[in-house]
Amino acid sequence: MTGGTVLPARRAVLLGGGFSTDDDGLLDDWLLGHARGPRPRVCFVPTASGDAPAYVERFLDAFRSRACEPSVLTLFRRELDDEALRAFLLSQDVVYVGGGNTANLLAVWRTHGVDLLLREAYDRGTLLCGISAGANCWAAGSHTDSFGPLTYLRDGLGLLPGSVCPHYDSEPGRRASYRAAVAGGALPAGWALEDGVGALFTDGRLTEAVARNPEARLYRVRAGLGGEAVERAVTCRPLRA
């Protein structure tokens, strides 16, 4: 509370799926259930894929039929000046970031000042979310293949403390590489998402974890004694159609 004003909760969602990978829509429906208002404004940001047109169309196809107002922010062919860009992003209820190259995503955002605008939106109560690179970007550090081989990136936005690793169960080498990065101190302790998981953070703390299939897990990974990583599975509430 500042000067008698109650500040909105700052919320971010890490997605191990959604419209780009799943047919059932369970994670996206769960996500929209946490948005402000009955018909939230949802902006898709496909920067990490280079604003790939097919990715944009897939988002629009998935969200036009939902109770929301979908839109897209492209930056490789930018159409908004600084004032309009700020007004547009701050008017959104949900910012949904797509997958692709995490390092390139962050670089482009910083060039256009989008990183600062997203921080402002977050502080004002906009729900930030994303899959893969769109999950990595919110944390202080992440596990990524942005440079080819799997490695670590200590250059995220830092809206969530610690680190994030997507695709923990589905991409060869992810688990071992992330564990080694955390155990060796290259990345701080963090969250590893298997595909099919959704994790909601409120003011930087995990407040809900869900899974669209019973096998999917979310893990808390930290450095343990003896130079090894320790992972703890978090109970996820199953989502049902």
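User: Why is H167 called buried?

Analyst: H167 has 15% relative accessibility, and buried means under 20% relative accessible area (exposed is over 50%, partly exposed in between, with a 1.4 Å probe and protein chains only), so H167 counts as buried. H167 lies in the loop between strand 8 (160-165) and helix 7 (174-183); helices (H or I, at least four residues) and strands (E, at least two) are DSSP runs, numbered from the N terminus. This is a predicted model, where local features need pLDDT of at least 70, side-chain atom pairs count only at pLDDT 80 or more, and totals for chains, interfaces and linings use all residues. Residues are numbered from 1 along each chain as its sequence is written, and side-chain values use heavy atoms, with hydrogens and water left out.

User: What makes F44 and F59 a stacked pair?

Analyst: Rings of Phe, Tyr and Trp (its six-membered ring) pair if their centres lie within 6.5 Å; planes under 30 degrees apart count as stacked, over 60 as edge-to-face and the rest as tilted. The F44 and F59 centres are 4.8 Å apart with planes at 15°, so the pair is stacked. F44 sits in strand 2 (residues 41-45) and F59 in helix 2 (residues 53-63), so this pair ties together parts 15 residues apart in sequence.

User: And what is the pair of F44 and Y96 called?

Analyst: That one is edge-to-face, at 6.2 Å centre to centre and 70° between the planes. Y96 belongs to strand 4 (residues 94-97), 52 residues apart from F44.

User: How do you know that Y96 is buried?

Analyst: Its relative accessible area is 0%, so Y96 is buried.
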